[in-house]
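Have the model open beside you and let's walk through it together. We'll begin with a pocket and work our way from there.

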Amino acid sequence: MVETQPQRLTELKRAAQQKGAAIVKARRIAQTQAIVEQASREIGELAHRDLWLLGLALYWGEGAKQKPGNVSARVAFSNSDPLAVRVLVQWVKDMCGVSADRLSFDIYLHESADGDR
């Protein structure tokens with residue numbers, strides 16, 4: 001081999017790996033989208049009870065609970081998934097009867113987070 005051939009082979013190998021990874025990623029994204037669409041069709045429209053239970057589960061898992069010595073604490077919910085936040089806000093408004101003007105939001109970003117995004 002001439003001096004430049006090992007480098008060229010490494011570049012070709014890297015390009016092939018990247019192309020293969022892109023194909024696998026695209027396939028995974030398509031499969032995920034198909035699963036989400038199928039699940040949406042199977043679930044259909046959420047009933048009143050469905051939203052009630054969904055909101056309870058979200059709050060149970062991600063909400064701040066009152067402590068026995070601090071029963072006047074506000075309701076707090078921490079989650080980075082925008083859909084989860086939207087569902088909980090809808091739940092608080094529709095199921096708990098809290099008006100939108102009583103809601104407040106704080107956003108905490110880790111120093112490594114992409115604030116613009």
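By class, the lining of the largest pocket has 18 nonpolar, 5 polar and 6 charged residues. (Ala, Val, Leu, Ile, Met, Phe, Trp, Tyr, Cys and Pro count as nonpolar, Asp, Glu, Lys and Arg as charged, and the others, Gly among them, as polar.) That lining is made of 29 residues, with F77, S78, V85, F105 and D106 nearest the centre of the pocket. A pocket here is an open set of points on a 1 Å grid over the protein atoms alone, where a 1.4 Å probe fits and protein lies on both sides within 12 Å along at least five of seven lines; lining residues have an atom within 4 Å of a point. The volume comes to about 1200 Å³, taken as the space filled by probe spheres set on the points, with grid points joined across faces, edges and corners.

Before going on, keep in mind that this is a predicted model: local features need pLDDT of at least 70 and side-chain atom pairs count only at pLDDT 80 or more, while totals for chains, interfaces and linings use all residues. Residues are numbered from 1 along each chain as its sequence is written, and side-chain values use heavy atoms, leaving out hydrogens and water.

Helices (H or I, at least four residues) and strands (E, at least two) are DSSP runs, numbered from the N terminus.

Now for the aromatics. How many aromatic pairs does a search of the whole structure find? There is 1: W52 and W91, tilted, at 5.6 Å centre to centre with 35° between the planes. Since W52 lies in helix α2 and W91 in helix α3, the pair ties together parts that are 39 residues apart in sequence. For the cut-offs, rings of Phe, Tyr and Trp (its six-membered ring) pair if their centres lie within 6.5 Å; planes under 30 degrees apart count as stacked, over 60 as edge-to-face and the rest as tilted. W91 is buried, with a relative accessible area of 6%, whereas W52 is partly exposed at 35%. Buried means under 20% relative accessible area, exposed over 50%, and partly exposed in between (1.4 Å probe, protein chains only).

Finally, look at E62, found in helix α2. Not counting residues up to four places away in sequence, E62 touches A76, F77, S78 and N79.

Methods: Contact = heavy atoms within 4.5 Å.
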